[in-house]
Amino acid sequence: MSKKIDEITLDFTGVKTLWELHERIRVAFDFPEWYGKNWSAFWDLLSEPFDETMVTVRGIKMLPRELQPCGEKVIYLLEKNRKYQTNYYNFPVDHFKYQILS
């Protein structure tokens, strides 16, 4: 019996505002309605222990120029969480993975 891996698709295609970007994050990760739509809130919820997870990020290269730094922040926090889940919770290295698709 193979174990279930949670698959999350974070699609930024067509995002025009920071609010919309964070709303896509909230919905993709199934964060609660009270998610604060800021980077601290994203990290706080992201750094909670997850089941084995694979995050696929789409459309990040298509973000408007003014939101490009936000796309970079998302990738930075996903990578930080990958390391955090491994070091803090002693999960296997591949417990939290992500990939970036065009």
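Visitor: So what order do the strands of the open sheet come in?
Guide: Bear in mind that this is a predicted model. The open sheet has three strands in the order β1-β2-β3, with parallel pairing.

Visitor: And which are the edge strands?
Guide: β1 (6–11) and β3 (96–101), each of which pairs on one side only. From one strand to the next, the twist averages 15°.

Visitor: How many bridges join β1 to β2?
Guide: Six, with β2 covering residues 53–58 and running parallel to β1. Within that pairing, Ile-8 stands opposite Val-55 in β2.

Visitor: Which strands does helix α1 touch?
Guide: α1 (residues 18–29) packs on the sheet against β1 and β2, and its direction makes about 165° with that of β1. Helix α3 (residues 68–88) lies across β1, β2 and β3, at about 155° to β3.

Visitor: Switching topic: how many aromatic pairs are there in the whole structure?
Guide: A search turns up 12. Take Phe-29 and Phe-42: their ring centres are 5.8 Å apart and their planes are at 70°, so this pair is edge-to-face, since that takes over 60 degrees.

Visitor: Where do those two sit in the chain?
Guide: Phe-29 is in helix α1 and Phe-42 in helix α2 (residues 39–46), 13 residues apart.

Visitor: Buried or exposed, that Phe-42?
Guide: Buried, at 0% relative accessibility. Phe-29 counts as buried too, at 7%.

Visitor: What sits over the ring of Trp-43?
Guide: The charged end of Lys-80, 4.5 Å from the ring centre.

Terms used
Residues are numbered from 1 along each chain as its sequence is written. This is a predicted model: local features need pLDDT of at least 70, side-chain atom pairs count only at pLDDT 80 or more; totals for chains, interfaces and linings use all residues. Side-chain values use heavy atoms; hydrogens and water are left out. Two strands pair if DSSP finds at least two bridges between them. Helices (H or I, at least four residues) and strands (E, at least two) are DSSP runs, numbered from the N terminus. Axes are lines fitted to C-alpha atoms, for helices over the stretch in contact, and angles run from 0 to 180 degrees between N-to-C directions. Contact means heavy atoms within 4.5 Å. Rings of Phe, Tyr and Trp (its six-membered ring) pair if their centres lie within 6.5 Å; planes under 30 degrees apart count as stacked, over 60 as edge-to-face and the rest as tilted. Buried means under 20% relative accessible area, exposed over 50%, partly exposed in between (1.4 Å probe, protein chains only). A charge sits over a ring if NZ of Lys or CZ of Arg is within 6 Å of the ring centre and within 35 degrees of the ring normal.
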